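Here is a short briefing to read alongside the structure.

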Amino acid sequence: MTEADVPDPGSARRPGSAGAAPDDGPSRPDPVAWTGAAVVLGALAGVCALLGDHLLLGVLRVAAGVLVGLAAGAGLVALRRGRGSLLLPAAAVLALGVATALTAPALIAARAPSLDSAALSRIAPLGDGDTVVGLGATGAPVLVRRAAGGGQLLSGTRVQAVGSGADEALALSADGTRLLRTSEAGTTVLDAGGGGEPVALATLPGPVLALAGDVAVARVCEAGACLLTGYDLAEAPSADAAPEPLWQVLDGDASTTPRGPDPGTGGPAAPAIAVDDAPAGLLDAITDTGVLPAVPLRFDPAQGWVQLDPTTGFPMGRVLAGPEDLCRIAATDPAPGDTEPVVLTVCAGEDGAITATGFRDGEELWTSDPSPAGEWTVRMEDGRVLASGTEAGSGATGEIVASEAGGAWSRPGGAGVEQASAFTSRVGIDGSRMVVTNDQGQLLAYDTATGENTWSAPLASPLEDLRGDLAAGTVAVVTPAPRERSLDPRSGVRVRTIDAASGRLRLDLVALDGDEVESVHALGDGRALVTTGDAAYLLGP
């Protein structure tokens, strides 16, 4: 071998020589492999997204977002044909950013609040015998009366404890501006319309029977004689004193048992009354409903029932019912489309047939024909009379209504309801309307007297589990929360409040229930009181 054939020992280490060793830096990514990974990850993301939407599985929806992020990272590596130490970290950052952008907004949008966080206020849950007083007047507070005594006044987000004695009844005035603690011994009148703690305005020496604006009508007994007395609360000298009387009318003596009207005014549903029951006591209606009427009615043993002018104490118009007539009487809110209160009487004949009459200012507005003979209980609301009972001779039970249309009694809703789809449940009924669900999956309102379908709203299905209430011009409905998207919560409730007259949606809230809803009370201004085992929540728009 010649010298020319001997390799140079340094040639293997000489830079740029043909025999140089390969670099020790990062290897070049295989673009084909990374492209294939991106395609596979993207396909898996599409499958997860489709199955997540179809099966409503949130985990698949989140997995789809993560897989898209990984596909984006793999695609970046495949497109960058060079090599470098920052390539894989950059791909990881891209994958994380894309996955976050695709999942975080959807998770946030689907997150439902709890009832506690969505509520205007929270109080202890309602117990047996507790009652809720809500009025249709705009801005009126909500009074919760506890069976053990006292209660709470809810106004916006404020909750004020209200005390009462064992023989005292708590009540709101018909316009919601006054709170009264009244008993046979006396009455404390408090301001309930300021949104803060109720402030005492005056103390009157007897039970208050009616409150029209600032004028209160009370029955005061002194030295054995009893007087119906009118007071202007604006003239009260102090919170613990009564103003000078505006007028006084002799009303028997302390030994007589005074009669009072039946329930009729206010937001809560009026209780059904048997026409032939014992006459109502002086404060029975206020105790039952928690609402003080604005129209003073007086029973005179010699003349019968009359309506009084609250500012003068003089009788207005004619006698509404004779002293010996078997009648029920109540002052009610206006009839639909009207603005003034209506006084209703329901009088029974010897055979049990009942006749309803509407009055305003002591003058007759309308009167019905006698109903079929039978045994009837009645509710007087919104200028109309709802009667339910058993018709004599047939044994059939049912409901009939008398209204400003006068004439014959009719079934609630009349012919308009008979032609509608089959009803599956009744949410509520009052003098103005009845709200029902039907087999087509709808929530519908019908005028109680005419049967006109005034509005409808969709339900998730005809068999949807539903709790509802109708009171104070509001329909409140609680149903399971619908799951229309994969990330929607699995456990939740949907609370809707609807204006009962127009059908306008006032509140549509999806919330995590945390505990089973036990009851719902509709309140004025589109509000609702929802009770669970832990608390009662005031919800509103």
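What follows is a set of notes grouped by topic.

Please keep in mind that this is a predicted model.

- Four strands make up an open sheet, ordered E2-E3-E4-E5, with antiparallel pairing.
- Strand E2 (131–133) and strand E5 (158–162) are at the edges with a single partner strand each, so one side of each has no neighbour in the sheet.
- From one strand to the next, the twist averages 20 degrees.
- E2 and strand E3 (residues 142–145) run antiparallel and are joined by 3 bridges. Within this pairing, valine 132 has valine 144 in E3 as its bridge partner.

- Another open sheet has 5 strands in the order E9-E8-E7-E6-E15, and its pairing is mixed.
- Its edge strands are strand E9 (199–204) and strand E15 (291–292), each of which pairs on one side only.
- Strand E8 (residues 187–191) pairs with E9 in the antiparallel sense, over 5 bridges. Opposite valine 189 you will find alanine 202 in E9.

- Strand E32 (residues 493–499) and strand E33 (residues 505–511) run antiparallel, with 6 bridges joining them.
- Arginine 496 has aspartate 508 in E33 as its bridge partner.
- The hairpin has 5 residues between the strands, and glycine 503 takes a positive phi near 85 degrees there.

**Valine 517, a buried strand residue**

- Where does valine 517 sit? Its place is in strand E34 (residues 517–523).
- Valine 517 counts as buried because its relative accessibility is 7%, where the cut-off for buried is under 20%.
- Leaving aside residues up to four places away in sequence, valine 517 touches Arg467, Val478, Val493, Val530, Thr531 and Thr532.
- Arginine 467 is 50 residues apart from valine 517 along the chain, and their C-alpha atoms are separated by 8.7 Å.

- Threonine 229 belongs to strand E12 (residues 225–232).
- Is threonine 229 buried or exposed? Threonine 229 counts as buried, because its relative accessibility is 0%.
- What does the side chain of threonine 229 reach? It reaches the backbone oxygen of leucine 227, at 3.5 Å.
- Not counting residues up to four places away in sequence, the residues that threonine 229 touches are Ala216, Val217, Ala218, Val220, Pro245, Trp247 and Gln248.

- Most residues other than glycine have a negative phi, which gives the context for the next two residues.
- Alanine 472 is not a glycine, yet it has a positive phi of about 55 degrees. It is found in the loop between strand E30 (467–471) and strand E31 (474–480).
- With a relative accessible area of 13%, alanine 472 is buried.
- Aspartate 525, also not a glycine, has a positive phi of about 65 degrees. This residue lies in the loop between E34 and strand E35 (527–532).
- Aspartate 525 is partly exposed, with a relative accessible area of 24%.

Terms used: Residues numbered from 1 in each chain as written. Predicted model: local features only at pLDDT ≥ 70, side-chain atom pairs only at ≥ 80, totals over all residues. Heavy atoms only, no water. Helix = DSSP H or I, 4+ residues; strand = E, 2+ residues; numbered from the N terminus. Buried < 20%, exposed > 50% of the residue type's maximum accessible area, 1.4 Å probe, protein only. Contact = heavy atoms within 4.5 Å. Polar contact = N/O pair within 3.5 Å; in protein donor to acceptor, adjacent residues only side chain to side chain. Pairing = 2+ DSSP bridges. Axes fitted to C-alpha atoms, helices over the stretch in contact; angles between N-to-C directions.
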